[in-house]
Amino acid sequence: MIWLPLYGLFYAAATLYWARLSARENGDYQSFFSAAHGLPPWISALVLAGASISGWAVLVGAEEIGRNGFGLAAVLQAGVALALPGVIFFKRIWLLGRHLRISSLPELFRAYWQSEFLTAFAAIVAVLFAVAFAGVQLSALSKLLARLSDGALSPEIAATLLGLLLFGYVVIGGMRAIGYLGALQALLAGAALIGLAAFSLMSIGGASALNAGLLRLAADPATAGRFLVSGVVQFTAGVGKQAAAGHEGTALASLSFSLALMGLQASPMVMKVVLSTSSPRGFAAGQTWVMAGAFGAMFVFCMAVIGAGELIDPALGLAGLLTGLSPWFSAWLLIGLLAGVQLMAGLALLSAGESLVRNIYKPLFHIQLSRRDTVTLTRILIGLLVVATVLMQVLTPVTLSMLAALALPLSFQLWTPLLGMTWLRWITRPAVATGVGFGAAAVLLTEPFGISLLSYLGLDLPWGRNPWTIHSAAWGMAANLAVTLLVSAFTQRRGFGEAAEEARRFLFDELRGSARVRALRSTAWSVSLVWIFLAIGPGLVFGNYAFIDAGGRWVLGLPSLWGWALSMWVAGLGLVWFLSYKMEMASPPAVDVPSYTPRPKLRTSQIEAERERRRNFIITIAVGFSLAVVAALSFGQP
């Protein structure tokens with residue numbers, strides 16, 4: 001309680017000071033949302049990596065290994081899994097945004113797909129990240145703060161203080177503060193992860209003691225399964241309905257979990273950084289050397305070491321490590337974890353506020369809203385979102401956790417409209433909206449939130465969470481793709497809007513690819529599918545015994561699955577480099593990007609239409625509330 005408040009006050013002062021400098025550069029509101037599309041590429045690379053790692057690597061990834069072992073082997077490939085979507089999408093999305101003069105994902109969906117459903121769905125995903133996904137991580141940090149303060153701070157007070165700091169720098173500095181401060185926060189988060197791994201290794205007694213402890217667990221029949229992938233798939237009814245044989249860590253569980261992680265890179269908050277970047281020159285280097293390289297190494301080495309230490313001695317979990325270190329160093333590590341979580345949370349809050357005000361409220365209900373008033377209303381809404389997440393942390397933590405579990409799989413459903421905009425020209429407008437709708441329904445039906453809601457209404461589903469040990473993200477995408485393909489086949493004659501036609505022409509003309517790239521396409525497909533199969537897919541079962549000799553000893557002195565993950569990380573880094581540079585999927589385009597100016601149209605008065613929309617919205621809210629009350633009275637427990 002000496003070092004922690006001291007570091008905390010210094011961090012808060014530096015954060016708010018930086019936010020104030022950013023506000024001056026913004027002119028208070030002129031470039032609040034996108035920093036005048038001027039974030040340097042190196043800043044964006046660090047922010048994208050930092051937002052992706054946030055507090056997840058320690059709070060979730062290391063805990064998964066510490067609790068269940070290495071069975072969910074794909075967790076160690078998170079760096080490469082998070083880099084691949086960036087290679088696929090970032091360059092083309094940036095070009096579309098710059099050409100159409102668009103700065104957010106919901107706005108891009110409205111311009112390209114002319115779909116209010118996709119716009120609203122992207123806004124809902126943004127809110128889930130801002131309130132629930134970030135809220136769960138902030139809640140974990142609040143409890144950790146309370147524990148380290150030995151009760152001097154309650155979790156409620158800690159959550160309130162973290163929320164106030166987060167609210168302060170986001171509403172003051174906007175995207176510019178999030179970007180420039182985020183680069184520093186990403187470095188702090190990475191340094192904290194490395195520091196925790198080093199002290200975890202020291203607490204165990206070094207690398208030899210770590211390996212000896214893991215060997216003892218592997219030799220015990222009761223814990224030997226923690227070092228094995230339990231088959232390709234298990235046809236169980238899901239968590240809560242039927243237990244898997246051994247554990248849930250099958251190869252398809254790893255694959256579907258990786259797909260859920262890839263949903264993060266399709267989220268509105270990540271695309272906000274992409275569309276606010278001044279140049280696409282940093283995407284290739286950022287995804288290859290920062291995300292897959294540096295942060296990928298932190299996943300496969302540091303996160304694994306922390307998790308393995310907890311696996312050997314449960315007292316060496318995150319809280320145990322921090323309480324066992326020198327107070328000044330423990331407080332510094334905690335500030336690093338806080339910085340990583342706040343980077344992601346601040347970015348999610350700005351994205352959610354902009355989506356709701358600038359992309360939903362203003363176009364539909366108040367088209368004449370000035371830019372200054374738009375920024376003011378967004379700041380107010382960000383404050384309300386912070387209040388909501390703090391209250392949910394304190395009052396409804398179970399609901400918060402269930403909503404947080406929806407963020408990644410629902411965000412992954414946005415892959416189909418993104419692929420339709422950037423690569424697959426044959427996907428039609430009706431297909432993407434219908435596909436995303438069915439995908440979202442499949443996610444809800446395989447996640448605790450949807451299952452609990454239906455159970456509350458009296459409908460008991462025959463399956464639980466993750467049936468067949470497959471994550472809801474994969475179930476959602478299976479329904480999404482099936483419906484998208486089917487509807488696209490029957491709606492090929494449906495046209496696109498003016499902006500979409502212009503965007504399609506622009507990408508086709510400028511990104512045809514050289515003859516060398518076209519010649520390498522079959523090779524790119526082959527190596528990508530092979531890596532996916534071996535690193536995060538069914539081929540993970542080979543990792544069970546790939547590095548075990550005839551005498552049953554670990555060849556590398558590490559669990560075979562850990563050694564397999566290390567080799568697949570090196571191969572994955574090569575894959576990301578090959579796709580980014582040799583296939584030119586993320587390399588800087590050698591083209592000028594002209595701004596598209598739509599043809600002038602005669603504008604009619606929207607006052608009556610806006611009044612009608614507001615009236616219908618109020619009626620919808622009233623009817624929905626009434627139905628909820630009726631359902632609660634009819635099906636609720638006395």
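Tutor: Buried means under 20% relative accessible area, exposed means over 50%, and partly exposed is in between, with a 1.4 Å probe and protein chains only. This is a predicted model, where local features need pLDDT of at least 70, side-chain atom pairs count only at pLDDT 80 or more, and totals for chains, interfaces and linings use all residues. Residues are numbered from 1 along each chain as its sequence is written, and side-chain values use heavy atoms, leaving out hydrogens and water.

Student: OK, is Phe 496 buried or exposed?

Tutor: Phe 496 counts as buried because its relative accessibility is 15%.

Student: And how many aromatic pairs are there?

Tutor: The count is 20 aromatic pairs. Rings of Phe, Tyr and Trp (its six-membered ring) pair if their centres lie within 6.5 Å; planes under 30 degrees apart are stacked, over 60 edge-to-face, and the rest tilted. Tyr 112 and Phe 496 form an edge-to-face pair, 6.1 Å centre to centre with 65° between the planes.

Student: Where do Tyr 112 and Phe 496 sit in the chain?

Tutor: Tyr 112 is in helix 5 (residues 105-113) and Phe 496 is in the loop between helix 19 (472-490) and helix 20 (498-510), 384 residues apart. Helices here are DSSP runs (H or I, at least four residues), numbered from the N terminus. Tyr 112 is buried too, at 1% relative accessible area.

Student: Which residue lies over the face of Phe 496?

Tutor: Arg 504, at 4.2 Å from the ring centre. The rule asks for NZ of Lys or CZ of Arg within 6 Å of the ring centre and within 35 degrees of the ring normal.

Technical notes: Helices (H or I, at least four residues) and strands (E, at least two) are DSSP runs, numbered from the N terminus.
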